[in-house]
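Colleague: Could you walk me through reading aromatic pairs in a model? I would like the general idea, then the case at hand.

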Amino acid sequence: MNLTVDDLRAIDDKLSKRDINLDPGGYFIIYLDREARLICAKHFTNVIDERGLAIDPETGKVIPAKGKVERTQSTLFTGRTAKELCVSIFEQTQPCPVTKLDHAAYLGREFVRAESALVDGEEYVQD
């Protein structure tokens, strides 16, 4: 079966709507710094409560999934390529801020998407 780009996008869009268990190690906000030609990943800590919700460890409040939240990142990671960023986060940072394999796989995919957008001059929006 020959899959088209639209077929592949539909598969990914459907998978993006699945329920996920949050990483107790925290979450990342990924963006591009075009001037510096860098992929940036702000890491934020969180605590996962008994309901599976992310809680701000400083305030004890639920971190909303949508909308703007004013928090200070724990660490800012940067890299010129997806691989450089992954090495920094997964191999050079101890303890590793990512504690779940599915979260690591997601970040790898996002970093590759961000790298492509940086190289191609396209917009990058984190999935």
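**Reading the aromatic pairs**

Modeller: Phenylalanine 44 is buried, with a relative accessible area of 6%; buried means under 20%, exposed over 50% and partly exposed in between, using a 1.4 Å probe and protein chains only. The model is predicted: local features need pLDDT of at least 70, side-chain atom pairs count only at pLDDT 80 or more, and totals for chains, interfaces and linings use all residues. Residues are numbered from 1 along each chain as its sequence is written, and side-chain values use heavy atoms, without hydrogens and water.

Colleague: How many aromatic pairs does the structure hold?

Modeller: In general, a pair of aromatic rings is described by the distance of the centres and the angle of the planes. Rings of Phe, Tyr and Trp (its six-membered ring) pair if their centres lie within 6.5 Å; planes under 30 degrees apart are stacked, over 60 edge-to-face, and the rest tilted. Here there are 2 aromatic pairs. Tyrosine 27 and phenylalanine 44 are stacked, at 5.1 Å centre to centre with 15° between the planes. That pair links distant parts of the chain, 17 residues apart: tyrosine 27 is in strand E1 (residues 27-33) and phenylalanine 44 in strand E2 (residues 38-44). Strands are DSSP runs (E, at least two residues), numbered from the N terminus.

Colleague: Is tyrosine 27 buried or partly exposed?

Modeller: Partly exposed, because its relative accessible area is 21%. In the other pair, phenylalanine 28 and phenylalanine 77 are tilted, with 6.2 Å between centres and 45° between the planes. Phenylalanine 28 lies in strand E1 and phenylalanine 77 in strand E5 (residues 75-79), 49 residues apart.

Colleague: Why does phenylalanine 28 count as buried?

Modeller: Because its relative accessibility is 4%; phenylalanine 77 is buried too, at 6%.

How values were computed:
Helix = DSSP H or I, 4+ residues; strand = E, 2+ residues; numbered from the N terminus.
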